[in-house]
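User: I'd like to go through the labels on this model and see what stands behind each one. Can you take my questions in turn?

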Amino acid sequence: MRAEDWFDMVVIGSGPAGEKAAAQAAYFGKRVAVVERSPTPGGAAVSNASIPSKTLRETAMYITGFRRRDAYGLRLALDPEATLAQLRTRTTQVIDTMTDAVRVNLERHAAVLVRGRARLGSDRTVHVAADAGRERVLHGDVVLIATGSRPFRPQEIPFDDRDVHDSTTVLEIDRPFDSIVVVGGGAVACEYASIFSALGMEVTLVATGQRLLPFLDSEIAELLAQTFSGMGMRLVLGEGRAAVTRDGKGLHVTLASGEQIRPDKVLFAAGRAGNTEGLGLEEAGVQIDDRNRIVVDEKFRTSAEGVYAAGDVIGPPALASVSMEQGRVAACYAFGISFKETVDPIPPFGVYSVPETAMVGLTEEAAVAKRIDYEVGRGWFTGNARATIAGATDGLVKLVFQREDRKLLGVHVLGDLATELIHQGQAVLNYGGTIDYFIHSTFNVPTASEAYKYAAYDGLQRLRAR
């Protein structure tokens, strides 16, 4: 084998986990190769999932003036063709920018980017199939699998229909439409359904469960559903899986109740599947579970010697933020680097819907399950000066805390900038603080962050009332 094909680490996949693992190892002097099958680095997070959908949201909010237009008495008439063109243009711009950022980061760390499809061989070799049938064989002292995930596509949904999409192909819509059925009750479904509602489309959100976003605090999930309904979105919850067909009149969606809907488009956004096919995992001795997710231990080691895995390919929580940390920690364990040895046990979750929602720590339901004597405090944005100025008064900051010593247990935010605001609560939670921190801290006025103080005061009043 040629000397240039020997590496300390070979990373398969350049998404959040792969990129950060490669950079971490290279930072400590390791020679690293990153194998990527797509034409550009960055994985699904950059090309067709996280970054694009969030860009679509921000662009939709900006060009429609959603919420703010009502606060300031404005009415906008948008040309559908021009709106769609702007959405696509801005999304492409951001994808290109973030793709370049990943490429530059790998180059800065002198990681070698190898194009092609990877397959594991014996003794930590990685066979890379490139164009024109050429193959390059790489050898790593360590191999890290970070191939990510893709939208789950059940066989009964006709994805070959040009008007039936998953969360990847929905970004390729090239003509205006008036109505859409979104199937799913998770983060991606809620994000896209609310974006389309903000754009003025007729949206029906169909979820098999009785509530949206089952991992959220139930009160927050219910408030989000109410907000969606207030936007004009129709919610169909607990109806089972919708059947999608096409007849001579167009798309035909049949609900479990027998009701039939005829939308212009269907978006199926219910779950993701790990990218494990074609990697030669079984031959290499890498164990996978019944959902094709790679099985790892607490150090991200697989069942094969010297082979690690991180990110969506190992399963939940399937968050880009957590995948990055998993990649970094895996690289440190692989080389015995005393730098990052744990992934944050209480990471924040964010849903970039309209409005946003975010959480960290325990929900009320989790506190009950753990038999914790708890209380809550709520700071509503209806009484917040900054939210009133912005015309974005939906939602609240909700604190879950222990009654005995007021120790913070969980934070839940619904409203504009929820995914930013959650980090203040996360910091207090990580350091074992109490809600007294918010009482005694001085917040700029007017700010949305001030809602933390009033949530803490509300919590204290509830304690006194008991």
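User: What is the strand order in the open sheet of 5 strands?

Analyst: First, the ground rules: this is a predicted model, where local features need pLDDT of at least 70, side-chain atom pairs count only at pLDDT 80 or more, and totals for chains, interfaces and linings use all residues. Numbering starts from 1 along each chain as its sequence is written, and side-chain values use heavy atoms, with hydrogens and water left out. Now the sheet: the order is S18-S19-S22-S21-S20, with antiparallel pairing. Strands (E, at least two residues) and helices (H or I, at least four) are DSSP runs, numbered from the N terminus.

User: What makes S18 and S20 the edge strands?

Analyst: Each of them pairs on one side only. Pairing takes at least two DSSP bridges between two strands. S18 and strand S19 (residues 357-361) have 3 bridges in the antiparallel sense, so they count as a pair.

User: Why is Lys 54 with Glu 191 called a salt bridge?

Analyst: The term needs a side-chain nitrogen of Lys or Arg within 4 Å of a carboxyl oxygen of Asp or Glu. For Lys 54 and Glu 191 the closest N and O atoms are 3.2 Å apart, so the pair qualifies. Lys 54 sits in helix H3 (residues 50-64) and Glu 191 in helix H6 (residues 187-198), so the bridge ties together parts that are 137 residues apart in sequence. The structure holds 28 salt bridges.

User: How do you know whether Glu 191 is buried or exposed?

Analyst: Buried means under 20% relative accessible area, exposed over 50%, and partly exposed in between (1.4 Å probe, protein chains only). Glu 191 has 4%, so buried is the label. Ala 198, which lies in helix H6, is also buried, at 2%.

User: What about Asp 373 and Arg 403: how far apart are the closest N and O atoms?

Analyst: They are 3.3 Å apart, and the pair forms a salt bridge. Asp 373 is in the loop between helix H10 (364-369) and strand S20 (374-380), while Arg 403 is in the loop between strand S21 (396-402) and strand S22 (408-414), 30 residues apart. Asp 373 comes out at 46% relative accessibility and Arg 403 at 25%, so both count as partly exposed.
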